[in-house]
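I opened the model to look up a few things and keep notes. The entries follow in the order I made them.

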Amino acid sequence: MVKNVRLLKLSKSSLAVYLKRSWMLYLMLLLPITFFMIFRYIPMTNIVIAFKDYNIFQGVWSEGSPWVGLKWFERTFQSSAFWLAMRNTLVLNMLDLLVGFPAPIILALLLNELVFKNYKKVTQTIIYLPHFLSWIIVSSIASRLLAPSTGVVNIFLTSNFGIEPIDFLMDKGLWIMTYILFGVWKEMGWGTIIYLAAITGINPELYEAAEVDGAGRWRKLWNITLPGIRATIIILLIMNIGRILGIELDRPYTMANRVVREVADVLSTMVFRVGIQNFQFSLTTAIGLFQSVICVIFLVGANTMAKKFGERGIW
């Protein structure tokens with residue numbers, strides 16, 4: 001009898017603990033879902049603005065914002081400024097992908113080969129710090145370094161090579177080069193952390209077996225390290241391809257100027273200049289919806305191609 005009472009008390013206490021943990025588990029699952037619904041899903045209903053003559057003072061669903069169908073898409077596709085901005089967006093993002101994507105991989109492989117661990121940690125800390133700088137600060141650094149008369153770069157070129165001062169931010173070709181290089185400098189260290197984390201997941205016994213077989217550093221790098229992080233490389237590549245038509249506002253907006261607008265005006269700056277500053281919110285929504293659809297198409301296409309080549313992909 002006493003034993004049964006003890007078992008009953010134990011079962012009640014276990015049930016209470018189970019219910020308490022279940023409640024906490026449900027709460028942990030409910031919070032991100034609620035956050036997603038409020039800040040992600042509900043604002044998506046406003047894409048109807050792209051199909052209406054939206055009046056900010058009347059509201060989305062009122063009679064003051066009538067349906068106009070594909071009017072704003074037609075106006076967008078008939079605009080020469082849109083196609084110029086789309087060309088610049090594709091060019092800058094493609095160059096970012098070609099130059100910026102391999103950079104953290106190479107840097108991670110180099111850091112992984114360092115013998116002095118303390119030097120590796122210090123270097124890793126220094127190179128990922130620029131990621132936390134805003135593009136306003138980075139553009140100010142660029143303008144200071146590359147100034148024609150007082151910039152460190154031009155002073156160095158003039159004093160050592162006798163070259164006349166170069167205005168990097170006023171020449172269209174040099175501006176593109178500056179845009180890409182500063183982007184690589186800012187984000188390269190942050191991407192390196194991801195690849196270094198993937199490298200630490202490789203089984204050390206593979207390197208030991210390779211050393212027994214007489215493999216050198218290059219052979220181990222090519223046959224063990226790179227295949228070990230291939231899945232991470234493919235996933236990040238797919239995600240970068242999915243953002244090929246999406247571009248943030250702060251980077252081109254802060255680094256551009258009127259002289260190089262022909263190559264610096266991208267979709268985000270066009271949306272800000274034409275749509276938001278001129279209160280054409282329907283036009284802005286139409287361009288944003290077009291960007292999202294194209295990015296999804298690129299993402300699905302890249303993931304499908306990866307699976308056809310035997311990779312796992314994102315899903």
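**Notebook: patch, helices, confidence**

I started at leucine 145, which sits in helix H6. Helices here are DSSP runs of H or I with at least four residues, and strands are runs of E with at least two, numbered from the N terminus. The cut-offs are under 20% relative accessible area for buried, over 50% for exposed, and partly exposed in between, with a 1.4 Å probe and protein chains only.

Before going on, I wrote down the ground rules. This is a predicted model, where local features need pLDDT of at least 70, side-chain atom pairs count only at pLDDT 80 or more, and totals for chains, interfaces and linings use all residues. Residues are numbered from 1 along each chain as its sequence is written, and side-chain values use heavy atoms, with hydrogens and water left out.

**Patch.** I found Leu145 again in a nonpolar surface patch of about 400 Å², together with Ile137, Ile141, Val152 and Trp185. Helix H6 (residues 135-145) gives the most to this patch, with 3 residues. Patch residues have over 30% relative accessible area and no salt bridge; nonpolar side chains (Val, Leu, Ile, Met, Phe, Trp, Tyr) are joined within 5 Å, like charges within 9 Å. A salt bridge puts a side-chain nitrogen of Lys or Arg within 4 Å of a carboxyl oxygen of Asp or Glu.

**Whole chain.** I counted 15 helices and 0 strands. Of the 315 residues, 33% are buried. The chain exposes about 20300 Å², and carbon and sulfur atoms supply 69% of that. Areas are Shrake-Rupley with a 1.4 Å probe; for residues, only the protein chains shown count as cover.

I checked the span of helix H11 (residues 230-242). Its 13 residues should span 18 Å at 1.5 Å a residue, and its end C-alpha atoms are 18 Å apart, which agrees. The expected span is 1.5 Å times one less than the number of residues. Ile233, Ile234, Leu236, Ile238 and Gly242 are its buried residues. They pack against helices H4 (102-112), H8 (172-200) and H15 (281-308). From the H4 side, buried residues pack against H11 and also H3, H5, H8 and H10. Contact means heavy atoms within 4.5 Å.

**Confidence.** I read a mean pLDDT of 82, with 85% of residues at 70 or above; pLDDT is the predictor's confidence in each residue, from 0 to 100. Helix H1 (residues 2-41) is lowest, at a mean of 54, and H3 (residues 80-100) highest, at 92. Where pLDDT is low, the predicted coordinates should not be read in detail.
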